[in-house]
Protein chains: 2
Amino acid sequence: MSEAPAKNDNALEEIRALWGESQTLASAAALLAWDQETYMPASAGPARAEQSALLARLVHERRTAPRVGELLDRLDDENAAGETGGIDDRETTRSIARELRRDHERAVSLPSSLVADLARAGSIAQDAWKHARANNDFAAFAPHLGAVLSLTREKARCLKRDGQEEIYDALLDEYEPDTTGADIDAVFGPLRERLAAIVDRARSSGTRPDTSVLDRPVPEDTQHDFGLFVLRACGFDLDAGRLDVTTHPFCEGLAPGDTRLTTRYKGDRWSDALYGTLHEMGHGLYEQGLPKADHWGTPLAESVSLGIHESQSRLWENLVGRSGAFWAWALPHLARRYGEAFTDASVETLTRAVNTVEPSLIRVEADEGTYNLHVMIRYELERSLIREDLSIGDLPGAWNERYRDLLGIEVPDDRRGCLQDVHWSFGLVGYFPTYTLGNLYASQLWEAMGRSIDLPAAVAAGEFGPLLAWLREHIHAHGRRYSAAQLCERATGEPLSAEPLLRHLDAVVRESYNA
Amino acid sequence: MSEAPAKNDNALEEIRALWGESQTLASAAALLAWDQETYMPASAGPARAEQSALLARLVHERRTAPRVGELLDRLDDENAAGETGGIDDRETTRSIARELRRDHERAVSLPSSLVADLARAGSIAQDAWKHARANNDFAAFAPHLGAVLSLTREKARCLKRDGQEEIYDALLDEYEPDTTGADIDAVFGPLRERLAAIVDRARSSGTRPDTSVLDRPVPEDTQHDFGLFVLRACGFDLDAGRLDVTTHPFCEGLAPGDTRLTTRYKGDRWSDALYGTLHEMGHGLYEQGLPKADHWGTPLAESVSLGIHESQSRLWENLVGRSGAFWAWALPHLARRYGEAFTDASVETLTRAVNTVEPSLIRVEADEGTYNLHVMIRYELERSLIREDLSIGDLPGAWNERYRDLLGIEVPDDRRGCLQDVHWSFGLVGYFPTYTLGNLYASQLWEAMGRSIDLPAAVAAGEFGPLLAWLREHIHAHGRRYSAAQLCERATGEPLSAEPLLRHLDAVVRESYNA
């Protein structure tokens, strides 16, 4: 990388060098974004917006370079003629070419100025969101959201392809390739009713798990130490990653050997940070498992879709972390760190406490039963915002109305309402539905994994290695070689289905509520 | 910055946009460097080296663009014809053009590949240094140092101009413009003897200040809180900056609104971190005082030389921070935070304790009297290394020999010997002598400042505002408008002289040692 990539007789090598440069710049941009969320001084906002905009433009210039198109054509010709290496090599080259073409064509359809404007507006709006959320001041955020949504609509219009009914589909396609709003509707429609029925069963059971054990105060440092212990135990490599504190937890797999998780601590609800950490760890294990050593700079080193990414986080957070087996292993370690207050806690009480199904205000802290209802509300609202069926001024009212209708709760303020999530401030629209896809994938993968591993026994023994190895083999190692749908079929033997998630939630409610 | 800088009828505007892009990229690179020292996971080293190398190349491409040369020629023509604005504007434009030409010409003389290779080798060697230092393993570091020095020599050969006797001068010129090794020799020669005499006076006085108050254990968190308190009191804007922990303390003024300091804590010598923090704060106040709001992207927003930069850090660290007046103000605040152990400490004891003059091993922890001797050792050694009069394998021996000769102490291991400083690992050669220039400038500025401000009274009252305002007006506000020598004459009425430093050290030894 010391010199600008030179022309090369080997099209694959040249395109790897060219594209690799865009990835290296993107990884520097990712560090800027991580820093903005973690350690950046408040007054650095404007300078950071310029840095981010410039890097976004430079990444975009490289991805849209005409030479990339020429090389992709050459690669296709070579592949068609069977000129490159053995069968495995040809298959690899074909995958790289296919996915690079997708990325190149999407990039080419976006004007450079729009990419930079979105990066800058997103950087500024994200700062505005942080302050607006802290001050419960939606009005202060509204114009920034307006600017970002307007640029996002412009982006969607540029990206929209034949076969996509509305511009929202073009946004969704960025996060979950080849998925449309109609596909989401087809999944969410029936799921919504069956989820509501499960939540109702819990609500009308007359029982309520005792959650007082979760409210015992634990100092942040102690929570952090336990979080690190769990990360290590599950196989997250802390020499190639970190755990920091942010307003909104996230995972950034920013470069080979550099996967950063964040969480947030509440003194009076230690389980929030623990499950937040387990969640981001799931993302982080995927990032650490991607074949970056061999394929960095190409799509093969990247995650295939956000739905699959989310399946990894939800699997560790919920299917591992909320199981009785997990607490059978974790409780003694927890009690040793969190002190005497926890020595009387039982595995059963704890497991029930973390499996409460109860409508609540905050998505990232929501239980498994209601979580997808939070997602559905955002999906509907963002689609309406993009269609301009809903104005920004009406967003808080619409938000609160849906929480009343679907979850049966009153939103007391925007901080705990439509200001709670960072996504829209960045222009991440079409992103939320992938959370529910992730939950579906997670349960289906878990059932498949259970056919070859005695999961309760492994988890109860703290032997997470076989689980991680299974995920590495069936999901992580492939990067973008297969589509999300193909990956699911290869790993589980079936196309994606809602049944495993519903079976899982049914069991949760049965066990926690005897209902 | 959303679009590539367009051609513009206004040469000044166009060059500001063009050059500004290189500065924005350089500021992103500075964040990568800061992160590498603070929070980067160990395994991210190779990826970070690639990111740094790529950004260095992109910065260099912009600084060497032929268009920059054309625009500079046009600016010179316009300036000669008196075409631009009023006298102040013309003066400003002329300064910008003069300094940009210097930077452009230096950049043009360096091949792009060398710049990237140095950035990469430096990034890798810095990691190697960190491990070698921790493990006291010079042999593990030697090949990395060899690679960096060889590239640095190549760089010096490219940069060497007429009038420079040896390639070392070309390196020195980067940090202290228009200064040669012969200039440094002329200053260091006589200074060395007079410093040695002062150190001898302290040594042979028969007294030794009681430093036990510095050894009382203070937890790191408490030290950190006190450091932040002092930063605020002195006027460092923490909304536009940070304080973190690193192996080697530094200050990075990485962008407008973003000046980051680091320090390191020792549980058994709290004063090390405090003076380290005051030192970096001096650099940070300069960075925050540079006219970045008006001139970011041009040399006017940049520090003029490292000697002047260091004068700011040494002024706050030594002339403010080691004075009796400082402790008259600081001691009650310290005692309130550090606890009962400090309520019996007296201002006089503390002041004497922090003004010990005694040969020691570590430069950054050295007292004012011996500090410049540490610098002289490094200066001699690095000049010999560049001249290839000294081989890398012989470095530890030569280091230890000089410590024996000049400071009269035995170096017990390389960790506390030639592995203690990070500079050479980055290729920062020609940098050390600026530390002593900084000490000279600091004392001279302090005397000048004392002619208009009652310094002891202001400091004892914790009123640092007038000091900072004086520095802002006479130093910070000018950026690179004047040379270091001009700035010194304008601010103090005299060319740089060693006398103020010697007068100051003479007083220190008299007061602390009655000698």
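His295(B) is buried in this predicted model, with a relative accessibility of 15%; here buried denotes a relative accessible area under 20%, exposed one over 50%, and partly exposed the range in between, computed with a 1.4 Å probe on protein chains only. The residue belongs to helix 12 of chain B, which spans residues 292-295. Helices (H or I, at least four residues) and strands (E, at least two) are DSSP runs numbered from the N terminus. When neighbours within four places in sequence are set aside, His295(B) is in contact (heavy atoms within 4.5 Å) with Arg16(B), Thr92(B), Leu300(B) and Ala301(B).

The model is a prediction, in which local features require pLDDT of at least 70 and side-chain atom pairs count only at pLDDT 80 or more, whereas totals for chains, interfaces and linings use all residues. Residues are numbered from 1 along each chain as its sequence is written, chains are lettered from A and ligands numbered from 1 in the order in which they are written, and side-chain values use heavy atoms, with hydrogens and water left out.

In chain B, an open sheet is formed by three strands in the order 1-3-2, with mixed pairing; two strands pair if DSSP finds at least two bridges between them. Strand 1 (241-245) and strand 2 (251-255) of chain B are the edge strands, each pairing on one side only. Strand 1 of chain B runs parallel to strand 3 (residues 258-263) of chain B, and the two pair over five bridges. Leu243(B) is placed opposite Leu261(B) of strand 3 of chain B.

In chain A, strand 2 (residues 251-255) is mostly covered, four of its five residues being buried. Strand 2 of chain A pairs with strand 3 (residues 258-263) of chain A in the antiparallel sense, over four bridges, and Ala255(A) stands opposite Asp258(A) of strand 3 of chain A. The two strands of chain A form a hairpin with two residues between them, and Gly257(A) in the turn has a positive phi of about 75 degrees.

Helix packing in chain B is illustrated by helix 7 (residues 167-175) and helix 16 (residues 368-387), whose axes come within 9 Å and cross at roughly 125 degrees. Axes are lines fitted to C-alpha atoms, for helices over the stretch in contact, and angles run from 0 to 180 degrees between N-to-C directions. Helix 7 and helix 16 of chain B are therefore oblique to each other, since angles under 35 degrees count as roughly parallel, over 145 as roughly antiparallel, 65 to 115 as roughly perpendicular and the rest as oblique. Ile167(B), Tyr168(B) and Leu171(B) of helix 7 of chain B make the contact with Tyr379(B), Glu382(B), Arg383(B) and Ile386(B) of helix 16 of chain B.

Most residues other than glycine have a negative phi. Asn136(A) lies in the loop between helix 5 (112-135) and helix 6 (138-159) of chain A and is partly exposed, at 33% relative accessible area. Asn514(B) likewise has a positive phi, near 50 degrees; Asn514(B) is located in the segment after helix 22 (499-513) of chain B and is exposed, at 58% relative accessible area.

Across all chains, zero disulfides (pairs of cysteine sulfur atoms within 2.5 Å) are found. For Cys234(B), the nearest cysteine sulfur, that of Cys251(B), is 14 Å away. Cys234(B) is buried, with a relative accessible area of 2%, whereas Cys158(A) is partly exposed, at 27%.
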